[in-house]
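Trainee: Could you take a close look with me at one part of this model, and then tell me how far the rest can be read?

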Amino acid sequence: MDVLDRVAGPARELLARVDALLVGNGAPPGHPVWPLLRQVRALPGDAVAAFVAVRPGPLAAAGAALRPHLDGYAEAVDVLAGRLDWSGPAAQAYDAARRTLATRLTGGGTDPDSFAGRLAATAGYAEAVADWAALSRAGLAAVLAEALGSAEAVTVRTAVDAEPGWSAFGQVGPLGPGAADAAATIAAAVLTAILEITERGEELLERWRPRLAPAGGHRPADVASPGAGADGTIRLRY
């Protein structure tokens with residue numbers, strides 16, 4: 001449990017009231033919440049609930065679980081580098097094929113397009129997303145904590161609790177402009193935080209996208225070999 005989990009419960013109740021006021025009363029004309037609602041396309045309560053479900057732990061664990069497999073690629077290359085105890089055209093063809101395969105596996109440890117490079121990039125991206133999630137959760141928690149202790153929160157609670165027929169944070173009837181403005185102010189602060197989180201996530205993806213693009217296809221090598229078959233080839237997939 002992190003700080004966002006600890007404030008999520010109280011914030012859920014407040015944001016349910018804020019959402020109900022926005023749905024039932026709207027926001028003052030020209031209020032900054034209007035463009036934010038259009039950009040996020042969600043009410044504050046729904047947007048926060050969706051992000052609370054984003055957990056950095058599984059992402060970090062996924063990245064960490066991939067890294068040990070890099071040793072497997074290195075070990076395979078070591079095996080491929082072993083000395084050949086045979087010679088001739090077939091040995092030469094096999095030697096060329098295994099060198100190509102070793103390059104595809106690790107690229108000498110420097111090729112980002114090798115299998116090992118792709119695996120390292122996938123692990124790195126998972127870990128970067130985990131970091132983004134952890135930092136974003138802490139930032140959103142701070143915004144929610146500030147909203148919970150604000151004067152606007154008192155206004156929202158007071159206005160909603162005083163409304164006849166209020167039940168389970170359902171839609172309320174017309175209220176004074178103070179309540180509508182308070183709800184819109186809280187909504188604007190929360191939606192701004194959500195929008196910044198999503199924009200940082202999109203920027204993160206764009207930075208990693210070149211390293212995550214699918215590698216180009218590699219056709220099997222056609223290697224001439226005596227007695228390999230009617231067409232005289234051995235097809236080695238790598």
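Mentor: Happy to. Beyond its neighbours within four places in sequence, A133 touches F51, V54 and P56 in this predicted model. A133 itself belongs to helix α7, which covers residues 115-148. With a relative accessibility of 0%, A133 counts as buried, because buried means under 20%. L59 lies 74 residues from A133 along the chain, yet their C-alpha atoms are 9.1 Å apart.

One of those partners, F51, leads us on to another piece of packing: F51 is among the α3 residues that meet α1. Helix α1 spans residues 3-25 and helix α3 residues 44-52; their axes come within 7 Å and cross at roughly 155 degrees. The two helices are therefore roughly antiparallel. On the α1 side, the residues involved are L4, D5, A8, L15, V18, D19 and L22, and they meet P44, G45, D46, V48, F51 and V52 of α3. Sorted by class, this contact holds 9 nonpolar, 1 polar and 3 charged residues.

The mean pLDDT of the chain is 82, and 82% of its residues reach at least 70. Helix α2 (residues 33-40) has the highest mean among the elements, 96, while strand β2 (residues 233-236) has the lowest, 35. Residues 164-172 fall below 50, although the model gives this stretch 18 contacts beyond near neighbours in sequence. Residues 217-238 also stay under 50, with 29 contacts beyond four places in sequence. Where pLDDT is low, predicted coordinates should not be read in detail.

Key
Residues are numbered from 1 along each chain as its sequence is written. This is a predicted model: local features need pLDDT of at least 70, side-chain atom pairs count only at pLDDT 80 or more; totals for chains, interfaces and linings use all residues. Side-chain values use heavy atoms; hydrogens and water are left out. Helices (H or I, at least four residues) and strands (E, at least two) are DSSP runs, numbered from the N terminus. Buried means under 20% relative accessible area, exposed over 50%, partly exposed in between (1.4 Å probe, protein chains only). Contact means heavy atoms within 4.5 Å. Axes are lines fitted to C-alpha atoms, for helices over the stretch in contact, and angles run from 0 to 180 degrees between N-to-C directions. Angles under 35 degrees count as roughly parallel, over 145 as roughly antiparallel, 65 to 115 as roughly perpendicular and the rest as oblique. Ala, Val, Leu, Ile, Met, Phe, Trp, Tyr, Cys and Pro count as nonpolar, Asp, Glu, Lys and Arg as charged, and the others, Gly among them, as polar. pLDDT is the predictor's confidence in each residue, from 0 to 100.
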